[in-house]
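Subject: Structure handover

Hello,

Here is the structure I said I would pass on. My notes follow it.

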Amino acid sequence: MKFKYTNKLFSKKPYVNNTNEFFIKAMRENAIFQYENCSDYQRICDKASFNPYEIKNDKDIENLPIIPTAYLKTHQMISKNRALITATSSGTSGKKSVIKFDFPSLWRGLKMVIKVCQFHKLLSIKRTNYILFSYKPHKANNTAITKTATGSTLFAPSESKTYALTFVKGEYKLDLNKLKEKLIVLSKKKKRIRTIGFPAYTYFLLRMMKEEGIFLKFRKGSKVTIGGGWKQFYADEVNKEDFYKLVKEVLDIDECNIVEYFSAVEHPVLYTDCPNHHFHVPVYSKVIIRNPHDFKPVKNGEIGLLNLLTPMLANVPILSIMTDDLAILHEECTCGIKRPWVEIIGRVGLTDIKTCAAGAEELLKGENK
Ligand SMILES: [Zn+2]
């Protein structure tokens, strides 16, 4: 079987130990597949004198050619065209990464999501009213964020779904008032609610409700789940403690029921925060933090560029991607999970580092005639 170790890896529970050997073998089989099926990836490996057949330890994994996400936005790299799902990043500049999932890749992803959600107790059989701070699905919208937000409504059976962004006359319109009215109606019913989506929109709505003196109470077990990042809203970026307080004040939902997700189109691994709101790295991936100047790995606790690795996907060579986010990898957490956790710092004011990431992209461009 082609992805024997990869399939085994994605059958494991998210935070167990002693999976490193599987991870290395899974990365090796994936790297070989990409090398044999994607001429761009083969060229990049050859140029870097990297031989995927020789992958055998952590050092080799570290040395895998890193593909910058910026590069994927302008170059479509494909190793297997047949796919069940195509997802694109939500790129504001019009440039988008296109990532395809064949059935086995999607199946691995689904197993991962179920295992992660089981661990974090996000699956429930209780009927739930969903409030989605996200796009209502529309055939013109292929973004991963839409697909994942809608997919998240499968975690508990849906009683109703209300979207913040609906497609009107060819474009998406944000309607927070509609959500406010809906929340007031739902607060009188006996069902749980679960909100899903952009933290900034969630924050704007709750702040608006607080200013209007609207304070609601929701049934125990209701959850506020956030994902999709704060980064589009740097100017309004809110201290997380203030956000948790606001949720408690306006919706009467405790901090332990506020859950944050992190993922990326180019790295579709699901990171879910622990009770200390830390994103532990599950067994399905590896995080390396690199010095922005020479791309060498830095020590845990030091800041650098975020490099994300996973063997999940067959269709596109995204085994090791470099984001332009800065992050820190930490070892200790009191929650009981014995795996490192990643703190994402963001990109604010990082012109010199951006230049470095762009430089890496330039290097790859030279390889692609
Ligand atoms: Zn933790």
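Helix α9 is followed by G213, whose phi is positive, near 75 degrees. Keep in mind throughout that this is a predicted model.

Two other residues have a positive phi without being glycines. K121 has a phi of about 55 degrees and is found in the loop between α6 (103-119) and β4. K121 counts as exposed because it has 12 C-beta neighbours inside 10 Å, and the cut-off for exposed is 12 or fewer. H277 has a phi of about 60 degrees and lies in the loop between β10 (267-272) and β11 (279-280). With 16 C-beta neighbours inside 10 Å, H277 counts as partly exposed.

Helix α9

Does the length of α9 agree with its residue count, or disagree? The helix has 13 residues, 199-211, and at 1.5 Å a residue it should span 18 Å. The span is taken over one less than the number of residues. The end C-alpha atoms of α9 are 18 Å apart, so the two agree.

The buried residues of α9 are P199, A200, Y201, T202, Y203, L205, L206 and M209. They pack against strands β4 (128-135), β5 (158-168), β7 (192-197) and β8 (223-226), and against helices α8 (176-187) and α10 (240-251).

The axes of α8 and α9 come within 10 Å and cross at roughly 65 degrees, and the crossing is right-handed. On the α8 side the residues involved are L176, L179 and K180; on the α9 side they are F204, L205, M208 and M209. By type, the residues of this contact divide into six nonpolar, no polar and one charged.

M209, in helix α9, has 21 C-beta neighbours inside 10 Å and therefore counts as buried, the threshold being 20 or more. Leaving aside neighbours within four places in sequence, M209 is in contact with K180, I214 and V250. M209 and V250 are 41 residues apart in sequence, yet their C-alpha atoms are 7.1 Å apart in space.

Cores

In soluble globular proteins, nonpolar side chains tend to be buried together. Which residues touch the most other members of the largest nonpolar core here? They are M27, I67, L270, Y284 and I318, out of 55 residues in that core. Helix α2 (residues 20-37) gives the most to this core, with six residues. Apart from it lies another core, of 30 residues, which includes A164, L186, Y203 and L206. Of these, Y203 and L206 are also among the buried residues of α9.

Two partly exposed residues

Y172 is in strand β6 (residues 171-174). It is partly exposed, with 17 other C-beta atoms within 10 Å. Beyond four places in sequence, Y172 is in contact with Y135, L165, T166 and F167. Y172 and Y135 are 37 residues apart along the chain, and their C-alpha atoms are separated by 7.5 Å.

P340 sits in the loop between β14 (320-330) and β15 (341-346). Like Y172, P340 is partly exposed, with 17 other C-beta atoms within 10 Å. Not counting residues up to four places away in sequence, P340 touches V281, N300, L329, H330 and E331. P340 and P282 are 58 residues apart in sequence and 8.8 Å apart in space, C-alpha to C-alpha.

The chain as a whole

The secondary structure of the protein chain comes to 11 helices and 15 strands. Of its 369 residues, 40% are buried. Among contacts between residues at least 6 apart in sequence, 69% join residues at least 24 apart.

Regards

Note on methods
Residues are numbered from 1 along each chain as its sequence is written. This is a predicted model: local features need pLDDT of at least 70, side-chain atom pairs count only at pLDDT 80 or more; totals for chains, interfaces and linings use all residues. Helices (H or I, at least four residues) and strands (E, at least two) are DSSP runs, numbered from the N terminus. Two residues are in contact if their C-beta atoms, placed from the backbone, lie within 7 Å. A nonpolar core is a set of buried Ala, Val, Leu, Ile, Met, Phe, Trp, Tyr and Cys residues joined through C-beta atoms within 7 Å. Axes are lines fitted to C-alpha atoms, for helices over the stretch in contact, and angles run from 0 to 180 degrees between N-to-C directions. A crossing is left-handed if the near helix is turned anticlockwise from the far one by less than a right angle, and right-handed if clockwise. Ala, Val, Leu, Ile, Met, Phe, Trp, Tyr, Cys and Pro count as nonpolar, Asp, Glu, Lys and Arg as charged, and the others, Gly among them, as polar.
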